[in-house]
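This briefing concerns the contacts that hold the parts of a protein model together. Please consult the sequence and the structure shown below while reading the points that follow.

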Amino acid sequence: MAHIQLRGIQKKWDTIWGVRDATIDIADEELLVLLGPSGCGKTTTLRMIAGLEEPTEGEITVDGQIINDVDARDRDVAMVFQGYALYPNMSIYENIRFPLRMRNIPRGTHDQRVREAADMVELGQFLDRKPAALSGGQCQRAALARAVVRQPRVFLMDEPLSNLDARLRQAMRVQIKRLRRHLKITTVYVTHDQIEAMTLADRIVVMDGGTIQQIGTPDEIYRDPANAFVASFIGAPPMNLINGEISHGRFHADNVEVQNVDIDTEGPVTLGVRPEDCSVVKSGASAHNLTGEVFGVEPTGDITFLTLKAGCGTMEIKASRDYRAELGAQETIAFDTDHLYFFDAQSGQRIRQS
Amino acid sequence: MTVRRTNGDNLFIRYLILGSWALFCLVPVLWFLSIGFRPRTEIITARPIYLPTLSLDAWHMIWSDWPMAKYLRNSVAAIFGSVAIDLALAIPAAYSLARYDYKGKEDIGFYIPSTRMMAPAIVAIPIFFLFRNMGLLDTIWALMLIYAAINLSIVTWIIRSYMTDIPKEIEDAARIDGAGDLRILWEITIPAVRPGIITAAVIAMVFAINEFLFTLLIASTPDAYTLSVALANFTGGSDGLIYNAIALVAFLAFVPVFLVVAAIQRHLSRGLTMGAIKG
């Protein structure tokens, strides 16, 4: 049970800003993902919640109680680190038991709790081993078991899956999601991987350059990005951004044209269109928006990625699985005009429909 | 086939070079061992005698005519005492240098090894007076302190480089799990740097057992003589130079260190190279 609030959190080292004015409200039992590129302040934010970094300004509260001055060990949080951070000289059993020993939890209960936690992550038969004798995935599960063993108020996860290979990541994602549903503990999860963020999060906080760009559910972040950064950070491949100009309700750039734009702005803007909202049409089709030269075709089985070179830059398009084309051929593309985004050319802020 | 033969040749040449080098280094050791176990008459001769008669004269002499057991005991006590003092001081110091940020940390980090940069003779006289005023002259306590002082910098430095190598994440994890500073140092950091501590301790032992100048300065009677100073005392007296006894005492001083180093060879080479890169 924990309701965490960050109010006006700032972190500055000498002249370098880590986090600027972060205000986040994390509901009880929520899984909140901090998402952003490296150096965006997401890990610093997490470490401030953990008590490993002190905010330069602002308040952190848990259930209404300010914890800025509470030592990390008294915050009753558990953390999973990117590098696992298992104690190398202890067996997995001792690793998982360590938090119980440190918190003076009655010794008699240790064995049962350690075994339960290990079973939860299917690590029961590895308890005697040292961390060095385990694979990356097993180490990460041991780190998870160590975090869940004492049922903390808050879970903090710092890129826990980024050292694992793709297949294992997927499996661990499912495991984390199940574990959380079972334990119902407020969780803050840091990642730079938008797939992880989209699949795990109740809500996502997108950060860049130490500043919060947007807070919302995965759907909101994907469908209704607040600015060009969020738009281009979410989605694989990312949203295409085209610099152009609007005049008399018509957007145009080199090789690109969109009629009947329903926003009030005139002048330079950035148009955003997702690869999945583009479709290849026959040349000469009446409703087309873009023409370009085929630069790359990557069939992946279920879908084909098409890269086009147009006057406005490079465009990524998700085409059907049967799509094939010669390099250098001309293609014509139509946009799904219900899903176009416009951003201020200077600030990158979203310009919403009038 | 050709590839295998080249490899075999390569290997042979490698062993040849390394073997020759090892032999070259070991010849003095073998030679003084052979001197120790030959009669006095076969030591100083016009031509070296490579295959001497075996004689235990010198062996009996060092145990019966001199308090060799006492020298050995003094050496061991002074050395282990000094290493204990070093570790007790160096581990917290190294931890502080490796983990905490404070003003002047880099300077302090430099002052510590800088104590090794001056010629020991410079401080010999002050140290003599210092120990005289403390009433510690001619005691093994003084030897412990002086050996500890000499080795403290290198011990600190080696342990520090090991500690710097431990990911800070591990200590962060322990803190969040509920451990305090001392608990983290004791249960997490020290076990993780055990190879570094062993390396540092052995190096300190080797330096301590070979220490001569300060021991000679402080020890004036057999009460505080160590093997290295006892060695020097065989070079005087009415009997002239008793080379075979000197050789045996030197060997006695050499064997324990050799055994310890051989036992922990793997740790040692790692520790030395790490120190070289990091230090």
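Over all chains of this predicted model, the count comes to 27 salt bridges, a salt bridge being a side-chain nitrogen of Lys or Arg within 4 Å of a carboxyl oxygen of Asp or Glu. Side chains of opposite charge can pair when their charged atoms come close. The model is predicted, so local features need pLDDT of at least 70 and side-chain atom pairs count only at pLDDT 80 or more, while totals for chains, interfaces and linings use all residues; side-chain values use heavy atoms, with hydrogens and water left out. Residues are numbered from 1 along each chain as its sequence is written, and chains are lettered from A and ligands numbered from 1 in the order in which they are written.

**Salt bridges**

- A:E30 and A:R203 form a salt bridge in which the closest N and O atoms are 2.5 Å apart.
- A:E30 lies in the loop between strand 2 (16-26) and strand 3 (31-35) of chain A, and A:R203 lies in strand 9 (residues 203-208) of chain A, so the pair ties together parts that are 173 residues apart in sequence. Helices (H or I, at least four residues) and strands (E, at least two) are DSSP runs, numbered from the N terminus.
- A:E30 is buried, with a relative accessible area of 7%, whereas A:R203 counts as partly exposed at 24% relative accessibility. Buried means under 20% relative accessible area, exposed over 50%, and partly exposed in between (1.4 Å probe, protein chains only).
- In chain B, the side chains of B:R175 and B:D181 meet in a salt bridge (2.9 Å, N to O); B:D181 is partly exposed, with a relative accessible area of 38%.
- Salt bridges that share partners join A:K11, A:R47, A:E53, B:K168 and B:D172 into one network.

**Interface of chain B and chain A**

- The contact (heavy atoms within 4.5 Å) takes 16 residues from chain B and 25 residues from chain A.
- The two chains bury about 1,700 Å² between them, 60% of it on carbon and sulfur atoms. Buried area is the accessible area (1.4 Å probe) that two parts lose on being put together, summed over both.
- On the side of chain B, B:E169, B:I176 and B:D177 lose the most area to chain A, together 39% of what that side buries.
- The rule finds 3 salt bridges across this interface.
- A:R101 forms a salt bridge with B:E187, the closest N and O atoms being 2.7 Å apart. A:R101 lies in helix 2 (residues 92-102) of chain A and B:E187 in helix 8 of chain B, so the pair joins two chains; both residues are buried.
- Helix 7 (168-176) and helix 8 (181-192) of chain B are the elements that give two or more residues to the side of chain B that touches chain A. Helix 7 of chain B gives the most, with 7 residues.

**Domains of chain A**

- The domain assignment, which is automatic or from a database, gives domain 1 (4-228) and domain 2 (231-351).
- The C-alpha centres of these two domains lie 37 Å apart.
- In contact are 14 residues of domain 1 and 15 residues of domain 2.
- The area buried between the two domains is about 1,300 Å², of which carbon and sulfur atoms give 56%. A:Q194, A:Y222 and A:A228 supply 47% of the area that domain 1 buries against domain 2, more than any other three residues.
- The count between the domains is 1 salt bridge. A:D224 forms a salt bridge with A:R350, with the closest N and O atoms 2.7 Å apart.

**Surroundings of A:N289**

- A:N289 is in the loop between strand 15 (278-281) and strand 16 (290-299) of chain A, and counts as buried at 9% relative accessibility.
- A polar atom of the A:N289 side chain lies 2.7 Å from the backbone nitrogen of A:F335.
- Not counting residues up to four places away in sequence, A:N289 touches A:N255, A:V256, A:E257, A:V258, A:I333, A:A334 and A:F335.

Definitions and conventions:
A polar contact is a pair of N or O atoms within 3.5 Å; within protein, one must be able to donate a hydrogen and the other to accept it, and residues adjacent in sequence count only if both atoms are side-chain atoms.
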